[in-house]
Amino acid sequence: MTDHLTDARSRARDVLSGETHLGEVDDWRQALVTARDGAMLIWLVWVAMRGLDITASTGPVLLAAGLGISIYLGIATSVATRLRLRYCESELERERSEIESNPEEEREEVRALYAAKGFSEPLLGRITDILCADDDRLLKLMMEEELGLFIRHINHPLLVGIWNGAGAAIATIVLALPVCFQVPASTDFWMPGATSALFVVLAIASARVTYRSVVPVVAVWLGLAVVAGGFTYYFAAFLAGRS
């Protein structure tokens, strides 16, 4: 039988060893969503400036703001990943302590869990005996069934922050850098078109890695950009006294 705690410790060592690949669906999904959020913020900054009737070259502003936002998003996802790791570790230790100090109470919890699944005596008693015969197996069961925590590989928080920040930075550069070399009037075509195209690409990639239908994801992401952009433009124009 696989020793659950040994396996968990091995995975923890993998986390701290600095593995750099995007190994899980959630890794890719989060990186793509962070890139989308970076692009969304650049889009909203540009729309707000248009609503305020700021006609000067917006490229340097967008580039500086976007890279700053990328750093923020990278740090935020890194901190969130670290907190998730700490939470899983603390719950693992707490559950293990409960199994060691209150085995009968844990046994009754197992009975209740499987009774709720429709099992009855004598099968319920045999299942309970088997599951409670090994502390490692019981720990895994309680983590997953009681707490809904599935122990799996999680990359180091620093690496998570780096690739999420990089995703947002790439989106920023794609949208904002060309604006630095355009006349203000041409950005009225570039920003809506480039933002839409980038959102479509990111939405398709997100749908593919999460095995979802492409069309609804694309529609939702584009809809978010339109609604948020429309509100930002008209509210900025209202503040500027233009409506």
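A contact means heavy atoms within 4.5 Å. By that rule L62 touches I42, V45, W46, T172, A176, V179 and M191, leaving aside residues up to four places away in sequence. The model is predicted, so local features need pLDDT of at least 70, side-chain atom pairs count only at pLDDT 80 or more, and totals for chains, interfaces and linings use all residues. Residues are numbered from 1 along each chain as its sequence is written, and side-chain values use heavy atoms, with hydrogens and water left out.

## Overall layout

The protein has nine helices and zero strands. Helices (H or I, at least four residues) and strands (E, at least two) are DSSP runs, numbered from the N terminus. Along the sequence the pattern reads α-α-α-α-α-α-α-α-α.

Of the 243 residues, 39% count as buried. Buried means under 20% relative accessible area, exposed means over 50%, and partly exposed lies in between (1.4 Å probe, protein chains only). Among contacts with a separation of 6 or more, 74% join residues 24 or more positions apart. The accessible surface comes to about 13200 Å². Carbon and sulfur atoms hold 65% of that surface. Accessible areas come from the Shrake-Rupley method with a 1.4 Å probe; for residues, only the protein chains shown count as cover.

## The nonpolar cores

In soluble globular proteins, nonpolar side chains tend to be buried together. A nonpolar core is a set of buried Ala, Val, Leu, Ile, Met, Phe, Trp, Tyr and Cys residues joined through side-chain atoms within 4.5 Å.

The largest nonpolar core here has 27 residues. W43, L62, M191 and W221 have the most contacts inside it. Two or more residues each come from helix 2 (25-51), helix 3 (59-101), helix 7 (157-176), helix 8 (187-209) and helix 9 (214-239). Helix 2 gives the most to this core, with ten residues. Another core lies apart from it and has five residues, among them V110, L124, I127 and C132.

## Aromatic pairs

Rings of Phe, Tyr and Trp (its six-membered ring) pair if their centres lie within 6.5 Å; planes under 30 degrees apart count as stacked, over 60 as edge-to-face and the rest as tilted. The count comes to four aromatic pairs. Why is the pair of W43 and W46 stacked? The ring centres of W43 and W46 are 5.7 Å apart and the planes are at 25 degrees, so the pair is stacked. W43 and W46 are three residues apart in helix 2, so about one helical turn separates them. W43 is buried at 12% relative accessibility, and W46 is buried at 5%.

F235 and F238 also form a stacked pair, 6.5 Å centre to centre with 25 degrees between the planes. F235 and F238 are three residues apart in helix 9, so about one helical turn separates them. F235 is partly exposed, with a relative accessible area of 40%. F238 is exposed, at 54%. Ring pairs link F231, F235 and F238 into a cluster.

## A nonpolar surface patch

L52, I54, F231, F235, F238 and L239 form a nonpolar patch on the surface. Together they have about 620 Å² of accessible area. Patches are made of residues with over 30% relative accessible area and no salt bridge; like charges are joined within 9 Å, nonpolar side chains (Val, Leu, Ile, Met, Phe, Trp, Tyr) within 5 Å. L239 lies in helix 9. L239 is exposed, with a relative accessible area of 57%.

## Salt bridges

Side chains of opposite charge can pair when their charged atoms come close. A salt bridge is a side-chain nitrogen of Lys or Arg within 4 Å of a carboxyl oxygen of Asp or Glu. How many salt bridges does the structure hold? There are two.

| Salt bridge | Closest N and O atoms |
|---|---|
| R36 and D37 | 3.0 Å |
| D188 and R50 | 2.8 Å |

D188 is partly exposed at 39% relative accessibility, whereas R50 is buried at 15%.

## Two loop residues

D53 lies in the loop between helix 2 and helix 3. D53 has a positive phi of about 65 degrees, although it is not a glycine. D53 is partly exposed, at 46% relative accessible area. Y211 lies in the loop between helix 8 and helix 9. Y211 has a positive phi of about 60 degrees and is not a glycine. Y211 is exposed, at 74% relative accessible area.
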